[in-house]
Amino acid sequence: MSWIVRMIVVLPALAALVGLLCRRQRLLAAGVAISVSSYVAVLALIQWVAPSRSADIDTIGALPLGDLSVPLHLLSDRVSGLVSFVVALVVLGIQVFTAWYLRDDARYGQFAATVSLFAAGMLLLVQAGDLVPVLVGWEIMGWCSWLLIGHDSERHAARRAAYKAFLVTRVADIGMVVGIVALSVRARSTDLMAVLTATGSSTLLTVGLVGVVVGVAGKSGLVPFHDWLPDAMEGPTPASALIHAATMVAAGTYVVARLFALYAEDDAARTLLAVLAAVTMVYAALLALAQTDLKRMLAYSTLSQIAIMLSALAAAPAELGPGAGISHLLGHAFFKALLFLGAGWLSVLAGGTAIAAVRGRLRPTGALRWSMGIGLAALAGVPPLVGFFSKDTVIDAALEGATGGGGFRAWLVVVALFVTVVLTAAYCARAWLLLDTPVAATSALPDSEPALVAAEEVAVVTTADSADDAEVERVHAHGHAAITLPAALVVSVLAALTVVGTLFLTSLSGGVHVGVLSALLSLLLVAGGAYAVWFLSDRGRVDVADLVPDRLREPAVRGFGVDTAYVGVGRAVTALARVVVALDRDVVDAYPRATAVVARAAGRAGERGHRGVPSLSLLSLLVGVVLVAVLGVTAWR
Amino acid sequence: MALTLMLLLPLLGAIACIAIPGESRVERVIALGSTVVTALLAVVVVWGRHEVDVPWIRSLGVRWHFGVDGISAALVLLTALLTVAVVAHALSGPIPRGGTGSTFLGCILLVETGALATFMARDAILFFIAFEVVLVPMWVLVRRFGDDHVPDETRADAAGRFVLFTVLGSTLMLVGILFLVLHQGTSDLTVLAARHGAGLSHSLQVSIAALLLVGLGIKVPLWPLHTWLPSAHTIAPTAGSVLLAAVLLKMGTYGIVRLAVATVPYGVAQLSPVLALLGVAGILWGGLACLVERDLKRLIAYSSVAHMGFVALAIASGSETGLQAALYGNIAHGVVAALLFFVVGDLKEQWGSTDLHVARAALRDKAPRFGLALVVGLAAALGLPGLVSFWGEFLALYAAWSPAPDRPVALLRVCVVLGAVGLALAAAYSLRVARIVWAGEGSDTAHGVAAEPVADAHGARWGVVLTLVVVIVALGVLPHLLLGLSHTATTGLLSGLGVTP
Amino acid sequence: MIHLSLPAALAALLAGIGVYGVLARRNAVLVLIGVELVLNAANLLLVTAGSRPGTQLSAGPVLTLFVITIAAAEITVALAIILVMFRKAGHIDLTAVPDLTDDPADEGVS
Amino acid sequence: MTTRDIVFAAVGVVTALSALLSVTTKHVVHAALWLLVSLGSLAGAYLVLGQELVGLVQLLVYVGAIVVLVLFALMLTRAPIGPHAEIDTPWWQRVAGAVLGGATTALLASLLLPLFSGVSVDLDTPTTTTPQVAQAIFGTWVWPFELLSVLLLVALIGAFAVSRLVLRRDADERAPVPAAAATGDRG
């Protein structure tokens, strides 16, 4: 059993290495990537189906560090098995889809290898039974996201987005590193079991857990670190699917879930998490409603959904465990992968992902239309799709926490959840109406023109509006090959999984736990939100977002200038850096230079002293000699 | 026997090289042969933990006492193997202008001799002598073989700074050593370490520790004493930069561990807050300077200041994990800086300068091998897990968070947070470089310099670079290789320090 | 028989005259003449002391010979320097105020 | 007073007087010539003291070589013939010189005279004969002797190098020495 767990981590890493070596042979690279990810998926299936709970699977042996124990163990249980399986499945789907999507890309080999490495990082994090491998997987994913987002590094926007993504998450990782250090100092070990069972300073615990929350906020895009994620749409669509669906942004949820026992004891860290999650889910859902680009809308929806997962962990009562959060993580993985891959497919057909470009383009496509429909419905939380069950499990858990003495924290989460349910239904309905209503029905309307202009202006400002420009260019340049059967199959299979995914969750303790009343309430809210949009948009003829005043809409599309704030922080640091360089040159280095100047001046003065009139110098010399002699003689006497 | 031979071989090679006039094939054979054999001997010596101990200067009580233990083993291997890489790299390209090839190779061999002797010396006086041997050949490398695109005065300035700073440092160190030897009655480092500061009054320990730390801190370099490093790195030829970063800087930290921590533990403990603060100042200062630095070689030099700050922080923690982290960080920085300087040196050879504000073609497409090596080097520089420097930096932070009992905990914890900020700065500057050089920021307008082709790495140079990449990954994935080497030695070094397990 | 106080007195006198010569002349060559007188005073003293009974190793005459040799060496170098001075400055007057402008060779070293 | 005392006194007076004249004469060339006389009579004094070898070497090296060299130097630096008013330093320096010279003499005399007073040697049976000196030089003193030969060589090369050095710098500067003709006669 344990070798399966090890293989799940090692194989993708090896696949990345091999893929990098044979990146020039496209077929070979694709073969390696796809076959290894399917094999890993099978292994993960075995791990899930036949779980053996063991917390001390050796990897490379413990590190000899004296007072700190770093066993570097892997931990295998049902949760890690299930999450690995879903991750592996999504990665497999993405690899297959990429083989078609990037078939004309010169860097396909590198891309596939990076995806493999990314998967290795995520699987390491999932299987880790030790905080150090968690950090290793965490950072490897960050690095791979930099590579994937910056895949089309010819474009300025892609380079900028990649830089921004890595930097923002890395800044948040200050908290992660400090948190992990504090937790392991508390336990004198980095072993997860030791950390969970350690008893010690509660200050250290709070510092550690808050640190981890900050780190998670960075990677999972909680406010105020959220703005990197929409910009990350600059990467090719499969990369977005990978980052959003089951790996990087969801990793935070998994880490917090692993540490849930500790969070249950510490109110401060949980309150912080609850506030951040509540703010983020509502804020991101609102912004999703206003977006002018399909992929950016999906990105904001991811932010909102991730916050929902984390809110479950922030509000659920201790005895319920982290099941609700994990459950939503898995459900979200299915339908978000589906939505992104579907968006990618659609962008190839439509030549872009801007709403203006894809408007009404869904109608004539068969399987794609169905898939997108299922995906959006799941996102909105329509039963019996997986999204409904996982989300209502979260709501139920939060309600239980609230009624069970969770206080302000839990009630905040509950309120935010219900608001988000309405908003989610609203933006899903808007997206569906925009995608599915034939253009003929809308072209007569005069006000679509200003919207386009506005979108262009926005594009100038954010430089990231029409995401995936490279794909657009590719399509415009020489057309894109029609979708292959495997790629289409991937989308369909994901759609099917979105329908039946609930069955996976049932194997999880606390995975599906829907209260009748809360379910009914959320159903009502979903229906209400969707109907409101349908009504306001005049049955899809008008974009609801256009009804928002431009004054409000444009900043919303731009993310309310958070990017400018980031740039401001960057400018401030750079200004500080300039001060440092100036200080380095003019203050720190002044001392050595002053020493040199003083030494030279002293030398010159000495030299001048020796350039007197020779006869006078002789005179004084002899006076000195005679004086010394007289002194010597008298003293000797 | 093998040990003495290993020390004499590069020395004889150097003398032979320098004695050969002009350009000929012979000195190339001599240089490569002696470094390769020395490297093999180094493996043998490290494997067998050889030691040699015979009387040398009887009237001073100085002995010809060299040996390898866990603390120096990795550094000896690093020096010996890296010199092979440096020589191979130098031989597969044009010798820098400024003198004959034989002088150039001879100086490299002399630096190797001095560095190996420093790392293996078991006698404080011997340590000092070996420490000084490195100085003059390094000066020649910077002064005569330095970057010929800059005016002669700049070269003189850089070389002069290097020599004067280092000499000042080693003079202070010598005073410290003499105090120590005078009061302990022996210069044998093994005996001194075994006494562990016993028999020295507390004030004396503190003053000796201060002298040693300032003296060696110049070489490290610690924060306010670092201004010699950027100019020396920028001017030095590739071989000089690599040796400077990978070998010479290590002599400083190694000296702190070997001379100060082992022999005057109380003094070091008293001064550790200062050491930690200076280390963190270096981390932030270097990181910030890298954000706006225009010259790539200068930038790597400042990043060296930042990385050595982590090592200083780890030493200041005083715990066993801290020492392990310091030794690991030492090696890690050696390998990473060597890789970066090899790559950047080759690029500078082609481009003539390494100004980041000049838009150039993206290495990613134009020279994928350089691109790969550069990206791996930068990833390691920002402390990416799975690459070698992660362990040193993470463990340094851990150690500083839980220092030895006699250290100021609160201060060190503040230092940890600031050090973690330094990690974010490292990410910012590494990716800034990657964005400009690797992804070709600003080269969208494909004309001028940006349109010029870049010759990719090939032959022996590619071999050298690839080997370093492999080492970086291997040590990052399997940190035991190094931690195991130094484990028992650090325990011994700290015994009596009062470290509670 | 000879009383050694006589040569000792002569040596003291010669040394005094030599010192005066060094200080009284402005011509560098003539200053050298004063120096020679002082040297010869030393020589005379060496010979005098060497002729005392019981002197070891014939030190007196031998050292005198050595001093004469050294004096020859000294005067060679000194005259070379004087000739150089004459060529550079155009005179060998030691009371002249020397040129204090900086040598351009050591400028620009920072 | 023995005969030798009287002879020595006579030679000594000549030596001292000529030395005094050589440092006071107003003729530049005369100064060198009076030095010749002084050093020659000093050689005589050595003879009286029983050191024939030293006396002969004094004649050979000093009188024969060094004074000639000094004369050459005087001529090469365009020494004026005839009395010369500006041969001496200002009067106060001369006074200081006289005081210092007198002090030197007084100091030495006060040291040496007590030391040698009453010591008298019989030079008819000299303590150190020339063969003994020769043996001492090539026996006990052979290393310093060899060292001296090196010193002479170094002095030779040094004198050569000093003049060359300045010549090269002159060539580098390409600046002639125009003031030479105008002020040369001051020396």
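Visitor: Which elements of chain D have the lowest and the highest mean pLDDT?

Guide: This is a predicted model, and pLDDT is the predictor's confidence in each residue. In chain D, α7(D) has the lowest mean, 42. The highest, 91, belongs to α1(D).

Visitor: What does chain D average?

Guide: The average pLDDT of chain D is 82. At least 70 is reached by 87% of the residues. Over residues 175–187 of chain D the pLDDT is below 50. That stretch still has 22 contacts in the model beyond near neighbours in sequence.

Visitor: What are the ipTM and pTM scores?

Guide: The model scores ipTM 0.73. Its pTM is 0.81.

Visitor: In what order do the elements of chain D run?

Guide: Read from the N terminus: α-α-α-α-β-α-α-α. That comes to 7 helices and 1 strand. The domain assignment gives domain 1 (1–80) and domain 2 (128–174). The C-alpha centres of these two domains of chain D lie 23 Å apart.

Visitor: How much of chain D is buried?

Guide: Of its 187 residues, 29% count as buried. Now look at sequence separation. Take the contacts in chain D with a separation of 6 or more: residues 24 or more positions apart account for 64% of them.

Visitor: Which pair of chains has the most contacts?

Guide: Chains C and D, among the 5 pairs of chains that touch. Chain B and chain D do not touch. Their nearest C-alpha atoms are 20 Å apart.

Visitor: How many residues does each chain bring to the contact between C and D?

Guide: A general point comes before the count. The size of an interface is often given as the accessible area lost when the parts come together. Here we count residues instead. Chain D brings 87 and chain C brings 71. On the chain D side, the elements that give two or more residues include α1 (3–24), α4 (91–116) and β1 (120–121). The largest share, 15 residues, comes from α4(D).

Visitor: How do the residues on that side of chain D divide by type?

Guide: Into 55 nonpolar, 26 polar and 6 charged.

Visitor: Is Thr2(D) buried, partly exposed or exposed?

Guide: Count C-beta neighbours. Thr2(D) has 13 other C-beta atoms within 10 Å, so this residue is partly exposed. Thr2(D) sits in the segment before α1 of chain D.

Visitor: Why does Val526(A) count as buried?

Guide: Because 24 C-beta neighbours lie inside 10 Å, and 20 or more is the cut-off. Val526(A) lies in helix α24 (residues 516–536) of chain A. Beyond four places in sequence, its contacts are Ala380(A), Gly381(A), Val382(A), Val421(A) and Ala425(A).

Visitor: Which residues touch the most other members of the largest nonpolar core?

Guide: Start with the general idea. In soluble globular proteins, nonpolar side chains tend to be buried together. In this model, the largest nonpolar core has 453 residues. Ala398(A), Val413(A), Leu339(B), Ala400(B) and Ile472(B) touch the most other members. Helix α18 (residues 386–436) of chain A gives the most to this core, 27 residues. Both domain 1 (2–556) and domain 2 (561–598) of chain A supply at least three residues. A second, separate core of 81 residues includes Leu622(A), Val22(C), Val31(C) and Ala43(D).

Visitor: What is Ala398(A) in contact with?

Guide: Set aside neighbours within four places in sequence. Among its contacts are Ser311(A), Ala312(A), Val413(A) and Leu417(A).

Visitor: How many bridges join β1 and β2 of chain B?

Guide: Strand β1 (residues 51–57) and strand β2 (residues 62–67) of chain B run antiparallel, joined by 6 bridges. Asp53(B) stands opposite His65(B) in β2(B). The two strands form a hairpin with 4 residues between them. Check Gly61(B) in the turn: its phi is positive, about 75°.

Note on methods:
Residues are numbered from 1 along each chain as its sequence is written. Chains are lettered from A and ligands numbered from 1 in the order in which they are written. This is a predicted model: local features need pLDDT of at least 70, side-chain atom pairs count only at pLDDT 80 or more; totals for chains, interfaces and linings use all residues. Two residues are in contact if their C-beta atoms, placed from the backbone, lie within 7 Å. Ala, Val, Leu, Ile, Met, Phe, Trp, Tyr, Cys and Pro count as nonpolar, Asp, Glu, Lys and Arg as charged, and the others, Gly among them, as polar. pLDDT is the predictor's confidence in each residue, from 0 to 100. A residue is buried if 20 or more other C-beta atoms lie within 10 Å of its own, exposed if 12 or fewer, and partly exposed in between; C-beta atoms are placed from the backbone. A nonpolar core is a set of buried Ala, Val, Leu, Ile, Met, Phe, Trp, Tyr and Cys residues joined through C-beta atoms within 7 Å. Domain bounds come from an automatic or database domain assignment. Two strands pair if DSSP finds at least two bridges between them.
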